[in-house]
Amino acid sequence: MIRNIKILFLVLTVTLVASCDLDLLDNPNAVTVNNADINFILNQIEVASAGSFNNFSDPGMRLARMLNQGAAIYDNAVAPGGTNGLWNTAYANLLADISAIIPLAEKGELFVHAGIARTIRANILMNLVDVYGDVPYSQAIDPANFNPGVDKAADVYAAALADLNKAAENFAAKSKSGASGDLFYGGNTDSWIRLVNAMKLKLHLTLRLVNKAGSTTAINALVTENKLPSTTAQNFAFKYGTNLTNPDTRHPRYGGQYGPTGGGDYQSNSYMGALYNSKGFPDPRMRYYFYRQTIKNPTDVNQLRCITNQKPGHYGENDVFCLPTSVGYWGRDHLSNEGIPPDGLLRTAWGLYPAGGLYDDDAGKGVSLNAGAGGAGIHPIMMRSFVDFMLAESALVLKTSGDPKALLKSAIEKSMADVRSLALGTSEASKLNAFETSKGFVWATEVTKYVDKVLADYDAAASDDAKLNIIATEYWLALHGNGIEAYNLYRRTGKPANQQPGLDPNVGPFVRSFYYPLDYIVRNKNAVQKTNSTVQVFWDTNPANNFIK
């Protein structure tokens, strides 16, 4: 991974100690704004944005029941010390580097570079607001201010929208040079413009609870413009490689689980259960999402303690408990913080999509170093299917242009196609094809069966609220690997409905925003910690605790 470009602005963020000596920055041997290659700075911003996505996505996946939440109560799940890295990457790396590169790019008429930087900054600002609410921005990258105050969250969202509008202008301008080293789109401005519009769609849909009329008008304009991501090549996804060291280019989820002793994440029983059982047949994506290290359920209580326990009394009749299936999918229930038995080579692992792991062909063998696609996966940041799911929600709730049922169909089909496309582009393709042939499995037939089932359920839904639950549930199932959109979806809609409760009956209220990081609270004399994690961000006007658990 390329060297992180450190410049003056990097030192002066909201998390730095006020005693830093600025004179130490004047090192003639150091890389500075004046002698750095702007392409290297842009690459570093893009690499850091991938790390930032992972930082934001991880807690979102856990709160949205896509991964096990390893805390027993919600308040502990977002303890102040848990997001120091997220905060520091956003401010000290990304926002500082972006503030440096934009004037350099525009001065040199490198407008593609400037547009990319602005698009990434808009995304980071939205993520910060969505997680924390009010955050420092206007004073945050100020060399003279070690204790910046917070901006109102709505103002930071407005700044993000202004960045997206200016980015669109940058991409439309005549640039002296493209950004051929761009790690996302290879400098293709049409793809970047479509991403800008997708980010605007996300922003306005998020704001629909506080500005219904404005969101409706803005989304209709985006539909009319018809410049949203629609092809696989236009997916906004960070691509990982297979190199193990110097540098490690593998997907971080792969790196955390595919080793000699396994281990790593516990998958969510709730999520796996929904994928396996909710349609009456397994989701075609399931063998890509997860890899079973054993295809049999455990019978040894020393491996999985809950197999001898009764389902908790506060669980509903249809709530998954302990084991989501009978064929070896092995995760944990929501808010289970049990100790870790010797199950590192038994628990269900990340699969081929998006982590670049193993395709599940019923082998039932433990993971190992370099197994499967070797970590050549992606971060699915803004996929074309996500766009159609958002448009379906908007068409149903805001009555914007488009048929919600048709958009739902398109969204599912695009998700299926993109999962399949990634898989067939890896070293697992031959194994995948051989397994399907041996089982008489026809991918297109299975996808059609799945889509037909969802659309039949949609037609049978008795209300718009029930239809919204179907759209949201399918979006949630397509979001594997992206906890940012899943966490926002859950707070915005309260759906998917009837989620698995916490394992303990008294887990406390659901997290509506995170505590500020400990670094920020300790080092900024103007910082004020929240009273609790039930504080709602400005766009979340849903009643407290009436549908979210």
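Residues are numbered from 1 along each chain as its sequence is written, and side-chain values use heavy atoms, with hydrogens and water left out. Because the model is predicted, local features need pLDDT of at least 70 and side-chain atom pairs count only at pLDDT 80 or more, whereas totals for chains, interfaces and linings use all residues. Helices (H or I, at least four residues) and strands (E, at least two) are DSSP runs, numbered from the N terminus.

**Stop 1: serine 52**

Select serine 52, which is found in helix α2 (residues 38-63). Is this serine 52 buried or exposed? Serine 52 is buried, with a relative accessible area of 0%, where buried means under 20% relative accessible area, exposed means over 50%, and partly exposed lies in between (1.4 Å probe, protein chains only). Leaving aside neighbours within four places in sequence, serine 52 is in contact with Thr89, Leu94 and Ile124, contact meaning heavy atoms within 4.5 Å.

**Stop 2: glutamate 109**

Next, select glutamate 109, in the loop between α4 (84-107) and α5 (111-132). Glutamate 109 has a positive phi of about 55 degrees although it is not a glycine, and at 35% relative accessibility it counts as partly exposed. For background, most residues other than glycine have a negative phi, and most peptide bonds are trans.

**Stop 3: helix α8**

Select residues 212-225, which form helix α8. Helix α8 has 14 residues and reaches 20 Å from its first C-alpha to its last, close to the 20 Å expected at 1.5 Å a residue; the expected span is 1.5 Å times one less than the number of residues. The buried residues of α8 are Ser215, Thr216, Ala218, Ile219 and Leu222, and they pack against α7 (189-206) and α12 (384-397). Just after α8, asparagine 226 takes a positive phi of about 60 degrees.

**Stop 4: the loop between β1 and α9**

Move on to proline 247, in the loop between β1 (236-239) and α9 (252-255). The peptide bond leading from asparagine 246 to proline 247 is cis, with omega near 0 degrees. Threonine 249 is found in the loop between β1 and α9, and at 28% relative accessibility it counts as partly exposed. Leaving aside neighbours within four places in sequence, threonine 249 is in contact with Tyr240, Gly241, Thr242 and Asn243.

**Stop 5: the disulfide**

Now select cysteine 306 and cysteine 322, which are joined by a disulfide with an S to S distance of 2.0 Å. A disulfide is taken here as a pair of cysteine sulfur atoms within 2.5 Å, and by this rule the count comes to one disulfide. The torsion about the S-S bond of cysteine 306 and cysteine 322 is about 80 degrees, so the disulfide is right-handed. Both cysteines lie in the loop between β2 (290-291) and β3 (349-350), so the pair ties together parts that are 16 residues apart in sequence. Cysteine 306 and cysteine 322 are both buried.

**Stop 6: helix α16**

Select α16 (464-478), which has 15 residues and reaches 21 Å from its first C-alpha to its last, close to the 21 Å expected at 1.5 Å a residue. How many of the residues of α16 are buried? The helix is mostly covered, with 11 of its 15 residues buried, among them Lys467, Glu474 and Trp476. What covers the buried residues of α16 includes α10, α11 (286-289), α12, α13 (404-424), α15 and α17 (483-493).

**Stop 7: the largest pocket**

A pocket is defined on a 1 Å grid over the protein atoms alone, as an open set of points where a 1.4 Å probe fits, with protein on both sides within 12 Å along at least five of seven lines, and lining residues have an atom within 4 Å of a point. The largest pocket is lined by 26 residues, of which Ala274, Ser278, Thr473, Ala497 and Asn498 lie nearest its centre. The elements giving two or more residues to this lining are α10 (269-277), α15 (443-460) and α16, and α16 gives the most, with five residues.

**Stop 8: the loop between α17 and α18**

Finish with proline 496, in the loop between α17 and α18 (518-523). The peptide bond from lysine 495 to proline 496 is cis, with omega near 10 degrees. Asparagine 498 lies in the loop between α17 and α18, has a positive phi near 55 degrees, and at 68% relative accessibility counts as exposed.
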